[in-house]
Amino acid sequence: MSDLTLGFMAIGLMLAFIVLGMHIGVALIVTSFAAVWVIRSPEIAARFVGAAANDAIRDYLFGVVPLFVLMGMFVSVSGVGRDTFDVFQWLLRKLRGGLGLATVGANAVFAAITGISIASASVFTKVAVPEMMRHGYTPRFSVGVVAGSSVLGMLIPPSLLMIIYGVIAEESIGRMFLAGIIPGIMLALMFALLILAFAYFFPHKIFQGGVQKGDDDVETETLATASVKILPILLLVILVLGGLYSGFFTPTEAGAVGAAGAFAIAIVRRRLTWRKLWNVLTETGYVSVAVLFLIAAASLYSRMLAMTGMPGAITESITQMGLGPWGFLAAYIAMVVLLGCIIDSVSIMLIMLPIVLPIATAFNMDLIWFGVLTVVAVEIGLLTPPFGVSVYTVKSALNNPSITIRDIFAGTFPFVLVMVLALVILASFPGLSVWLARM
Amino acid sequence: MSYEANTDLDEAPAPSAPSSPFGYLVDGLNGLGSLVIAAMMLLMCADVLMRNAFNKPIDGVSEMVAASIIIIVFLQLPSTLRHGRMSRADLFLDPFLSKRPRAGLRLRALFSMFGIFACSVIAYATWPIAVRSWVNSEFLGVEGVFTFPTWPMRFVVVLGAALAAIQYALLVWHDLRASGSTTNTGAEK
């Protein structure tokens, strides 16, 4: 049996284990260990495992993972999400469908200070959905807007997925962050257009009885109060992204400074108790450990793959099949969206990228552009049935049994279509992703 | 997917595992790991401040951060496991567990056995590295400027991996015991 066959068997077995519900990190370690054992020897396999656990994640760069997660957690408890939403609601109050637009806008700004779309989804489910339903929006549309626009968190920097892509593809994280800005803003604008189109042409689709309920509560927001509300979040954005791009600090330090800044905001706003502080710290631990353990396990897996020579063989057979770069890209994106129905975003990237990056390089693709496409495709997967993680987060944060998972998927569907359109645009015009990053 | 789920930070977390002396040890180490994350944040902020404001960077920050990552992961791995926060796909296992509880629990126990194996291999493979760094007094950093020994980091890996293996063994035991007392029909547990 050739090493190549063995490699394919290892991947098949690994995917089977994962689908059946084995811990993903364990599945990666066990199958890779077995494959290296057969190809070389048990001693070498054990040594590989030791190296993966001890050296693969012992890197200054990986500090970004816990630090940006910590920052996202502090931001979530500090209540600035609600403030941002209030300000956008006030700004857009004259437009039809204004609340939907406000949700998208607030998500886009909020995305600039958190790196995890789940944080946005849970914050805005609690803030925006009740408000929208109070104003006569259908429950379906309300949750759809929140779940759909939460994906902006992964495109607009800082973004956990961009960090992980940068690490695996050996692209600078600062550049990956820059690459997400234009696509993120573009997607936000496309979402806004979709909502406006619904509000003006098909109002019965998004409003109960086809009309938006007027704002009968007394207008209390003024320019002054709105500025006070938006100030902390703007300061934080300027601190993190400004410091990063002016060269005052590295991405890892940006995470540390951002976390400290978010902590300060939470303290000043008196949102932090000892209990909450402790919850934030332990929760950060759980999330980062799960991610970092996966990264370590995936380093073993990618060494195993390299050993079998699989990436080279796949590249060769794709060229022989005459699939070409576009065919390869389409197949890859379909695969990613499909995997998004089964596993979480980080695992998808860790499993797919070691196989496809050499192929993308062989086709002379720009790896930054490729990364942006990957992130959008992964996020589409997280919103498509039967198992969209973002959808489940919205469901659990909602705590309202009358809105079913089915409603949320149905409400999200128009946004998924817009994302597919965005993906096609981004694929056709690499400049949108690359221009800022390669400047 | 479970690792991204809990974002309700206002309340005390619901108890997700029964308490036991081993549980206290594991959660204690987890707390220690959380403190390391906080310390890492403060250290880096101090470094940024010292470097940009006073032009006096703190020596060895990047090495210390790198080592902290390993320490955080292996201090918190057993607890992450104990609270069911390791990422896994639930599309097959969860419905299966409620439809066929006995078979489901046994399948999960089988998967946990693979977990015992994976963590044991990590502990086994790291042991010689740890012993070597202790015997040879290996260190990180630049001699004369700042140095710190590598053995604490290595032994944390061994300890964390071993405890994670034990935690997996406990999961196996719990699942097998539960599967013995359930029939194969009806609702979970």
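A caution to start: what you see is a predicted model.

I'll take chain A by itself. Its secondary structure is helical, with 22 helices and zero strands. The C-alpha trace spans about 75 × 45 × 45 Å along its principal axes. Does the radius of gyration point to a compact globule or to something else, and what is the value to judge by? For 439 residues a compact globule would come out near 22 Å, and chain A has 22 Å, so the two agree.

Next, the packing. Of the 439 residues in chain A, 65% count as buried. If we take contacts between residues at least 6 apart in sequence, 79% of them join residues at least 24 apart.

Now the surface. Chain A exposes about 15,800 Å² of accessible surface, and carbon and sulfur atoms hold 69% of that.

Interface size is often quoted as the accessible area lost when the parts come together. Here chains A and B bury about 6,000 Å² between them, with 74% of it on carbon and sulfur atoms. On the chain A side, the residues that lose the most area to chain B are H23(A), R58(A) and Y286(A), which together make up 12% of what that side buries.

That's all I have.

Note on methods. Residues are numbered from 1 along each chain as its sequence is written. Chains are lettered from A and ligands numbered from 1 in the order in which they are written. This is a predicted model: local features need pLDDT of at least 70, side-chain atom pairs count only at pLDDT 80 or more; totals for chains, interfaces and linings use all residues. Side-chain values use heavy atoms; hydrogens and water are left out. Helices (H or I, at least four residues) and strands (E, at least two) are DSSP runs, numbered from the N terminus. The radius of gyration is taken over C-alpha atoms; the globule rule is 2.2 Å times the number of residues to the power 0.38. Buried means under 20% relative accessible area, exposed over 50%, partly exposed in between (1.4 Å probe, protein chains only). Contact means heavy atoms within 4.5 Å. Accessible areas come from the Shrake-Rupley method with a 1.4 Å probe; for residues, only the protein chains shown count as cover. Buried area is the accessible area (1.4 Å probe) that two parts lose on being put together, summed over both.
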